[in-house]
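Thanks for coming, everyone. I'll take you through one structure today, piece by piece.

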Protein chains: 2
Amino acid sequence: MRAEIVAVGTELLLGQIVNTNAQYLSRGLAELGIDVYYQTVVGDNEERLKQAIAIARGRADLIVFTGGLGPTMDDLTRDALAAYLGRGIEMHEPTLAKIEDMFSGRSAELIEINRRQAMLVAGATPLRNDTGLAVGNALTADGTHYLLLPGPPREMKPMFDNDGSAWLREKLGLADALHSVVLKFAGIGESALEELYIDLIRAQTDPTLATYAKEGEVALRVSTKAADAEAAARRMGPALQEIRSRGERYLYAEQDVGLETEVVRLLTEQRRTVALAESCTGGMVAAMLTTVPGSADAFLGGVVSYSNGVKRQLLGVPEALLEGEGAPGAVSEETARAMAEGALKAAGSDLAVSITGVAGPAASEGKPVGLVYLGIAQRGQPARAEKLQLSGDREGIRIRASKRALYLLWLTLTGRG
Amino acid sequence: MRAEIVAVGTELLLGQIVNTNAQYLSRGLAELGIDVYYQTVVGDNEERLKQAIAIARGRADLIVFTGGLGPTMDDLTRDALAAYLGRGIEMHEPTLAKIEDMFSGRSAELIEINRRQAMLVAGATPLRNDTGLAVGNALTADGTHYLLLPGPPREMKPMFDNDGSAWLREKLGLADALHSVVLKFAGIGESALEELYIDLIRAQTDPTLATYAKEGEVALRVSTKAADAEAAARRMGPALQEIRSRGERYLYAEQDVGLETEVVRLLTEQRRTVALAESCTGGMVAAMLTTVPGSADAFLGGVVSYSNGVKRQLLGVPEALLEGEGAPGAVSEETARAMAEGALKAAGSDLAVSITGVAGPAASEGKPVGLVYLGIAQRGQPARAEKLQLSGDREGIRIRASKRALYLLWLTLTGRG
């Protein structure tokens with residue numbers, strides 16, 4: 001079963017709105033075990049819409065349209081498909097009654113305009129619209145299945161989830177659906193992750209493996225088609241086992257959560273608290289941790305020590321480390337350790353992490369852009385520090401340094417550090 | 001000139017990510033006066049990618065690809081286009097040098113994997129990638145123009161805006177281009193902004209006016225088509241004059257910059273410094289200010305006082321304000337003022353801003369979600385505070401509170417406060 005999604009609307013081609021419908025439908029179809037091979041966007045133009053239908057007809061068994069079922073003259077999807085298939089249009093009386101009821105007492109012209117929303121391609125099964133007026137269409141012609149859904153997401157989504165999915169399940173006799181596990185990694189880049197699993201990726205058939213990256217975090221999706229979750233777990237088991245054992249040092253979650261969420265969860269579970277001392281990341285690590293609801297129990301606070309004055313005053317970093325002949329300077333292992341110790345003491349926390357580095361765009365203290373030191377202090381232990389050389393622009397370096405600070409905390413909390 | 005956007009990536013077809021690139025490129029092409037007729041999404045599959053190229057070739061004069069230029073085996077765009085056009089692949093030496101430099105000292109295999117990102121379709125013009133490794137491609141073959149851009153938005157956007165647009169302008173000899181001025185506003189919502197200018201928006205023909213909103217900031221875009229910037233400025237002049245005089249309290253920039261950039265610019269210009277004390281925003285305001293290169297001269301640092309202990313210890317907020325019978329509590333006007341004063345003193349800055357509130361998801365101290373107090377202290381003056389009741393989810397409240405704190409600083413720095 002090869003599917004294509006055709007979104008209809010000039011506003012998409014002008015970039016006025018983003019095509020979130022394609023994402024929603026792709027995910028929904030994947031969950032039904034239907035492979036989407038193409039997504040197409042075409043404007044409100046009958047000729048080009050018919051050409052898009054002809055192309056989709058040649059390369060897909062199921063075409064899911066969204067958009068172009070509304071009341072206005074540029075809502076063309078239903079008419080264009082009917083014309084393409086050589087079918088007529090028929091009135092769906094229950095929808096018409098709903099429209100007449102809704103506009104009762106208003107102008108006859110208004111009712112006339114809205115009648116269009118009650119029309120079906122001749123022979124189509126109507127799909128109920130609980131959140132709007134336009135009726136959906138489902139039909140099969142010459143072996144191709146067609147689903148016509150409205151454009152507004154709040155009408156499209158429930159229609160697809162209810163009548164649309166039900167029609168597909170019945171019509172296609174669906175059994176196997178796609179099951180996926182998302183594995184999240186930190187402390188490793190996408191290409192190094194691929195290198196780690198290159199043999200598995202090269203040999204993949206079932207389950208399939210795919211890597212993808214967001215700033216400072218990478219994910220590996222393992223997928224299989226199976227009748228139910230239990231069968232899927234059985235089929236994915238050996239691959240997951242191998243991935244876990246090789247990636248132990250980087251694999252922090254088996255679901256799509258951010259590293260900050262996992263760090264807050266571990267701190268809360270272990271009843272430990274953390275404080276931060278941030279220089280080049282300028283509060284970014286704190287902002288990440290505090291996105292997590294309930295982080296107040298685990299994160300006591302921190303200092304953004306952008307100036308040397310604040311490093312001395314609030315973190316107690318000795319003057320001799322920061323300035324003067326032979327001082328290691330603000331961006332150094334020594335200062336990273338002193339910052340972490342200072343934050344630990346000031347906040348009275350169990351752990352503290354510090355970040356000091358050169359985010360750019362220019363070098364600082366004669367040190368290169370991308371040089372970053374992380375410090376970690378634990379109550380009753382001497383502080384440690386590590387050195388990183390990160391690449392990218394200012395924002396990229398700051399994000400990567402922040403994620404590496406969270407990674408250092410994760411290593412420590414899991415006893416891998 | 002008919003254009004088609006082809007986004008390449010199985011993650012799009014699986015609905016794992018939304019195709020924001022298509023929107024960005026559609027808008028960018030519209031601004032260049034180029035009509036987008038179709039958007040297509042195809043997976044990481046060479047055969048289907050070639051078919052998509054063949055179809056696009058038959059209905060468009062310009063094909064803009066995004067995605068599939070990365071280092072991994074499923075990054076196929078460059079190879080598929082070269083194969084379709086019957087051309088070879090050539091190495092772009094400057095990019096290769098950048099890659100070798102970046103991975104120097106790492107494994108030979110890692111460098112080998114990443115070499116792919118330095119390759120060009122034979123004869124293509126390289127497009128610089130300032131935020132990543134993969135080099136872009138621009139070429140014309142048999143009368144069709146091709147642009148190959150990376151998939152990650154933070155690489156794709158600057159490449160399109162810089163080398164990509166420049167290549168298109170030159171290659172297509174674009175004359176009347178769209179000229180726009182983006183006016184940025186803070187401290188006012190999108191609908192209130194629309195109300196302020198409703199007569200101008202209703203009467204618009206040339207120039208046109210459009211409002212749009214990002215979290216906590218709104219923009220008004222004023223556009224006209226003209227041969228050059230001077231003619232455009234003449235045509236937009238009277239409307240801009242009227243907009244400026246009505247929006248004086250909210251209009252902070254006449255270019256698309258964030259409020260934090262303007263605040264840092266003003267601080268630097270006035271040779272003043274600021275410190276922060278953040279509770280519910282958890283470091284977000286500091287992270288925003290420090291995105292601005294050069295912010296270190298104006299922003300001395302701050303305290304993320306997530307716990308009452310840190311509020312007392314680092315900011316000197318009196319115990320009596322925070323806890324006990326009849327205490328106003330951590331979320332109060334009194335505490336906001338004390339936090340601002342404490343930050344001013346600790347950092348030795350000219351100004352300090354504080355934020356304390358309930359970001360949710362649950363109420364706190366019996367105070368409702370969305371209640372936020374901002375404080376501002378200036379050396380030698382008593383601190384002031386203001387109360388906000390913000391709406392939205394946890395993240396929305398945090399972002400809006402952060403932007404309001406920057407707005408308060410802006411009002412003070414411009415003497416409008």
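**Where the two chains meet**

Start with a charge over a ring: B:Arg48 lies over the face of A:Tyr37, and the distance to the ring centre is 3.8 Å. Keep in mind that this is a predicted model. A second case sits in chain B. There, B:Arg59 has its charged end over the ring of B:Tyr38, 3.6 Å from the centre.

Now the interface as a whole. How many residues of chain B are in contact with chain A? The count is 65 residues of chain B, against 70 residues of chain A. Together the two chains bury about 5500 Å². Carbon and sulfur atoms carry 57% of that area. Which three residues of chain B supply more of its buried area than any other three? They are B:Tyr38, B:Gln39 and B:Tyr306, with 10% of what chain B buries against chain A.

**Aromatic rings**

Next, the rings. Over all chains, there are seven aromatic pairs. One of them is A:Tyr306 with B:Phe299. The centres are 5.6 Å apart and the planes make an angle of 45°, so the pair counts as tilted, between the 30 and 60 degree limits. Why does this pair join two chains? Because A:Tyr306 lies in the loop between strand E14 (299-304) and helix H13 (308-315) of chain A, while B:Phe299 lies in strand E14 of chain B.

**The domains of chain A**

Let's stay with chain A. It is divided into domain 1 (2-172), domain 2 (177-253) and domain 3 (259-413). Look at domains 2 and 3. Their centres, taken over C-alpha atoms, are 31 Å apart. Contact between them involves ten residues of domain 2 and ten residues of domain 3. The buried area there is about 890 Å². Carbon and sulfur atoms give 60% of it.

Find strand E9 of chain A, residues 177-186. It is mostly covered, with eight of its ten residues buried. Which strand pairs with E9(A) over ten bridges? That is strand E11 of chain A, residues 217-226, and the sense is antiparallel. Within this pairing, A:Lys184 has A:Ala219 as its bridge partner.

E9(A) has another antiparallel partner, strand E12 of chain A, residues 251-253. Two bridges join them. Here A:Phe185 stands opposite A:Leu251.

Further along is helix H11 of chain A, residues 259-269. Its buried residues include A:Leu259, A:Val263 and A:Leu266. Just after H11(A) comes A:Arg271, which takes a positive phi of about 50°.

**Strand E15 in chain B**

Over to chain B. Strand E15, residues 351-357, is mostly covered: seven of its seven residues are buried. Which way do they point? B:Leu351, B:Val353, B:Ile355 and B:Gly357 point one way. B:Ala352, B:Ser354 and B:Thr356 point the other way. Both sets are buried.

E15(B) runs parallel to strand E13 of chain B, residues 274-278, and five bridges join the two. With strand E16 of chain B, residues 371-378, E15(B) pairs in the antiparallel sense over seven bridges. There, B:Gly357 has B:Val372 as its bridge partner.

**One last residue**

I'll finish with B:Thr208. Where does it sit? It is in strand E10 of chain B, residues 208-214. With a relative accessible area of 33%, B:Thr208 is partly exposed. Leaving aside neighbours within four places in sequence, B:Thr208 is in contact with B:Arg221, B:Val222 and B:Ser223. B:Cys280 is 72 residues away from B:Thr208 along the chain, and their C-alpha atoms are separated by 39 Å.

That's the tour.

Terms used:
Residues are numbered from 1 along each chain as its sequence is written. Chains are lettered from A and ligands numbered from 1 in the order in which they are written. This is a predicted model: local features need pLDDT of at least 70, side-chain atom pairs count only at pLDDT 80 or more; totals for chains, interfaces and linings use all residues. Side-chain values use heavy atoms; hydrogens and water are left out. Buried means under 20% relative accessible area, exposed over 50%, partly exposed in between (1.4 Å probe, protein chains only). Helices (H or I, at least four residues) and strands (E, at least two) are DSSP runs, numbered from the N terminus. Two strands pair if DSSP finds at least two bridges between them. Rings of Phe, Tyr and Trp (its six-membered ring) pair if their centres lie within 6.5 Å; planes under 30 degrees apart count as stacked, over 60 as edge-to-face and the rest as tilted. A charge sits over a ring if NZ of Lys or CZ of Arg is within 6 Å of the ring centre and within 35 degrees of the ring normal. Domain bounds come from an automatic or database domain assignment. Contact means heavy atoms within 4.5 Å. Buried area is the accessible area (1.4 Å probe) that two parts lose on being put together, summed over both.
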